Amino acid sequence: FPAKYKNQNIGDYIFDIAPRPRDVIAFFNTCIVAAENQPKIGAQALRAAEGEYSRSRLKALGSEWSGDYPALLEFAKILQRRPESFKLKLLMMKKWRICVLVLHLIIRQDGEFSNNMLCKLLIACLMFLPSS
């Protein structure tokens with residue numbers, strides 16, 4: 001491993017990415033695969049491993065929570081490639097997508113508008129749509 005990666009000490013970087021011991025092991029395994037046929041794990045392998053590890057963690061979260069939150073992975077796509085902190089107006093560029101997801105969730109409630117929170121969220125999304 002390089003001593004630093006993304007302006008961080010490599011140890012701090014790894015524990016930011018993978019805070020639990022089993023996560024560190026999974027991340028290391030991903031790094032080893034990414035560095036196949038290379039003498040050491042460098043910045044390029046770390047970049048590849050970070051992407052693959054993140055995708056696998058998101059997939060695992062989706063599997064674990066899909067029963068309670070069936071559209072979790074769809075909502076997560078809205079946040080893809082966003083910085084750690086951003087302004088809400090950046091999400092509004094995808095407002096139609098958000099509205100469709102919320103409407104889909106409402107309809108999945110046995111055809112009833114029983115989930116008051118989802119209805120309120122849909123109304124809030126529609127308020128941000130440009131009038132035609």
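# Briefing on a predicted helical and stranded chain

From the N terminus on, the elements of the chain run β-β-α-α-α-α-α-α, which gives six helices and two strands in total.

**The chain as a whole**

- The chain has 132 residues, and buried residues make up 27% of them.
- The accessible surface of the chain comes to about 9800 Å², and carbon and sulfur atoms account for 59% of that surface.
- Among the contacts in the chain with a separation of 6 or more, 37% are between residues 24 or more positions apart.

**The largest nonpolar core**

- In soluble globular proteins, nonpolar side chains tend to be buried together.
- The largest nonpolar core in this model has 14 residues, and the members that touch the most other members are Ile10, Tyr13, Ile14, Phe27, Cys31, Ile41 and Leu46.
- Two or more residues of this core come from each of the helices α1 (10-17), α2 (21-34) and α3 (43-65), and the largest share, four residues, is that of α3.
- Cys31, one of the core members named above, touches Phe1, Ile41, Leu46 and Ala49 when residues up to four places away in sequence are not counted.

**Aromatic pairs and the aromatic cluster**

- The structure holds four aromatic pairs, including one formed by Phe1 and Phe28, which is tilted, with 5.4 Å from centre to centre and 35° between the planes.
- Phe1 lies in the segment before β1 (4-5) while Phe28 lies in helix α2, so this pair ties together parts of the chain that are 27 residues apart in sequence.
- Phe1 counts as partly exposed because its relative accessibility, 40%, falls between the limits of 20% and 50%, and Phe28 is likewise partly exposed, with a relative accessible area of 33%.
- A further aromatic pair, formed by Tyr5 and Tyr13, is edge-to-face, with 4.8 Å from centre to centre and 70° between the planes.
- Tyr5 is buried, with a relative accessible area of 6%, and Tyr13 is buried as well, with a relative accessible area of 2%.
- Tyr5 and Tyr13 also belong, together with Phe27 and Tyr53, to one aromatic cluster, and both Tyr13 and Phe27 are among the residues of the largest nonpolar core that touch the most other members.

**A buried aspartate**

- Asp23 is found in helix α2, and this residue counts as buried because its relative accessible area of 7% is under the 20% limit.
- When its neighbours within four places in sequence are left aside, Asp23 is in contact with Ala18, Tyr53 and Arg57, and of these partners Tyr53 is a member of the aromatic cluster described above.

**The largest pocket**

- About 430 Å³ of space lies in the largest pocket of the model.
- The lining of this pocket is made up of Glu50, Gly51, Ser54, Arg55, Leu58, Ala76, Leu79, Gln80, Arg81 and Arg82.

Technical notes. Residues numbered from 1 in each chain as written. Predicted model: local features only at pLDDT ≥ 70, side-chain atom pairs only at ≥ 80, totals over all residues. Heavy atoms only, no water. Core = buried A, V, L, I, M, F, W, Y, C linked by side-chain atoms within 4.5 Å. Buried < 20%, exposed > 50% of the residue type's maximum accessible area, 1.4 Å probe, protein only. Contact = heavy atoms within 4.5 Å. Areas by Shrake-Rupley, 256 points an atom, 1.4 Å probe, with all protein chains shown as cover. Phe/Tyr/Trp six-rings, centres within 6.5 Å; stacked < 30°, edge-to-face > 60°. 1 Å grid on protein atoms, 1.4 Å probe; cavity = no way out; pocket = protein on both sides within 12 Å on 5 of 7 lines; lining within 4 Å. Points joined across faces, edges and corners; volume = space filled by probe spheres on them.
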